[in-house]
Amino acid sequence: MAKKPETTETESTRIESRYQPGLLRQCISENLSADSMMERLGILHKQTLRKHLLRLMAEDKTFYDIEGLFLRGSNLPKINPKGRLTLNLRGIIIAGQEVREGDLFQIQIEEDRIVLTRG
């Protein structure tokens with residue numbers, strides 16, 4: 001049998017938040033978005049929040065709809081190997097209007113920011 005690698009005390013691993021039904025119900029009653037719930041509950045991944053929510057729905061026998069739970073996160077887009085930055089703007093509302101195919105944007109680079117302005 002293969003020997004398991006030993007972990008040292010200097011290595012720190014973060015364990016995901018434990019299931020807290022009371023706090024989760026409070027977040028749902030306050031109509032918080034998925035990102036706000038994750039912050040309040042100390043959850044790092046949406047998949048963990050989904051699991052907690054499914055467990056709560058099974059216990060309460062009630063369906064809960066959470067805004068932004070099943071949307072792909074676009075708050076931390078990454079550069080792909082070809083050097084391209086891709087943003088998912090489906091369902092995003094800017095200046096009271098939904099972003100649609102064919103909309104034009106101006107791009108400005110300011111120090112450490114990239115600013116998109118509807119043109």
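**View 1. The buried residues of helix H1 (21-29).** Leu-24, Cys-27 and Ile-28 are buried in H1, where buried means under 20% relative accessible area, exposed over 50% and partly exposed in between, with a 1.4 Å probe and protein chains only. Look down the axis of H1 and these buried residues fall within an arc of 100°, so they line one face of the helix; the arc is that of the directions from the helix axis to the C-beta atoms. The cover over them includes H2 and H3. Just after H1, Asn-31 takes a positive phi of about 55°. Helices (H or I, at least four residues) and strands (E, at least two) are DSSP runs, numbered from the N terminus.

This is a predicted model: local features need pLDDT of at least 70, side-chain atom pairs count only at pLDDT 80 or more, and totals for chains, interfaces and linings use all residues. Residues are numbered from 1 along each chain as its sequence is written, and side-chain values use heavy atoms, leaving out hydrogens and water.

**View 2. The largest nonpolar core.** This core has 17 residues; a nonpolar core is a set of buried Ala, Val, Leu, Ile, Met, Phe, Trp, Tyr and Cys residues joined through side-chain atoms within 4.5 Å. Helices H1, H2 (34-41) and H3 (46-60) each give two or more residues to the core. Ile-66, among those with the most contacts inside it, is in contact (heavy atoms within 4.5 Å) with residues including Ile-28, Met-37 and Leu-53.

**View 3. Leu-104 in its loop.** Leu-104 sits between strands E2 (97-98) and E3 (105-110). Leu-104 is exposed, at 62% relative accessible area. Beyond its neighbours within four places in sequence, Leu-104 is in contact with Thr-117, Arg-118 and Gly-119.
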